[in-house]
Amino acid sequence: MPPKLNVHNFPRPPLLEKTARHLQIKWHNQLIADTKDAYWVLETTHPPTYYLPSSSILLPLTRTPKTSFCEWKGAATYWNITSPANASEVVKGRIWSYEQPTKDFESIRGYLSFYAGPWDCYVDGERVEPQPGDFYGGWVTSDIEGPIKGGPGTWGW
């Protein structure tokens, strides 16, 4: 069993590093992403956010006009994806990337991060739970402990 990772021990500003963990995303029981060549971002009170190389994404993505801004990583670009099971099912804005990240996050240029749903996300074979709320995109696994930001009453943390 991997050691526990307490989110209150993660740094601020956040840490970006390579992870050898096996990441998979399945949608309607079809594999849509698979990699052991990802980055994770660790930030105080947040579960890891994973960034997958674009080469690991097995379905085409469509860029959207939506953007947001992270004080650490810069401007985010959002992507749409069409279901492998139903061409009329398009999920909008649940995938993001940093196409022109800040200097400290240059390594994730062109990498993509997925919210943990509507698809199923896995870390080393374990199905993840989404970070509470609908703003942050962290993936919660059984090795994560400590109160996590995102749910009601946590915005001031």
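**Stop one: the pocket**

Start by selecting strand E7, residues 61-70: with 4 residues, E7 gives the largest share of the lining of the largest pocket. Keep in mind that you're looking at a predicted model. The pocket holds about 590 Å³ of space. Of its 27 lining residues, Cys 70, Lys 73, Tyr 98, Phe 135 and Tyr 136 are the closest to the centre. Color the lining by class and you'll get 13 nonpolar, 6 polar and 8 charged residues.

**Stop two: strands side by side**

Keep E8 (74-82) and E9 (90-97) on screen: they pair antiparallel over 6 bridges. Click Asn 80 and you'll find Lys 92 of E9 opposite. Next, show E10 (111-114), which runs antiparallel to E9 and is joined to it by 3 bridges. Here Ile 95 stands opposite Phe 114.

**Stop three: salt bridges**

There are 8 salt bridges in the whole structure. Pick Arg 94 and Asp 134, whose side chains meet at 2.8 Å, N to O. Arg 94 sits in E9 and Asp 134 in the loop between E13 and E14, so this pair ties together parts 40 residues apart in sequence. Arg 94 is partly exposed at 22% relative accessibility, while Asp 134 is exposed at 58%.

Then jump to Arg 21 and Asp 124, a salt bridge at 3.4 Å between residues 103 apart. Is Arg 21 buried or exposed? At 14%, Arg 21 counts as buried; Asp 124, at 47%, is partly exposed.

Finish with Arg 12, Glu 43 and Glu 71, which are linked in a salt-bridge network.

Note on methods: Residues are numbered from 1 along each chain as its sequence is written. This is a predicted model: local features need pLDDT of at least 70, side-chain atom pairs count only at pLDDT 80 or more; totals for chains, interfaces and linings use all residues. Side-chain values use heavy atoms; hydrogens and water are left out. Two strands pair if DSSP finds at least two bridges between them. Helices (H or I, at least four residues) and strands (E, at least two) are DSSP runs, numbered from the N terminus. On a 1 Å grid over the protein atoms alone, a cavity is a set of points where a 1.4 Å probe fits but cannot get out, and a pocket is an open set with protein on both sides within 12 Å along at least five of seven lines; lining residues have an atom within 4 Å of a point. Grid points are joined across faces, edges and corners, and a volume is the space filled by probe spheres set on the points. Ala, Val, Leu, Ile, Met, Phe, Trp, Tyr, Cys and Pro count as nonpolar, Asp, Glu, Lys and Arg as charged, and the others, Gly among them, as polar. A salt bridge is a side-chain nitrogen of Lys or Arg within 4 Å of a carboxyl oxygen of Asp or Glu. Buried means under 20% relative accessible area, exposed over 50%, partly exposed in between (1.4 Å probe, protein chains only).
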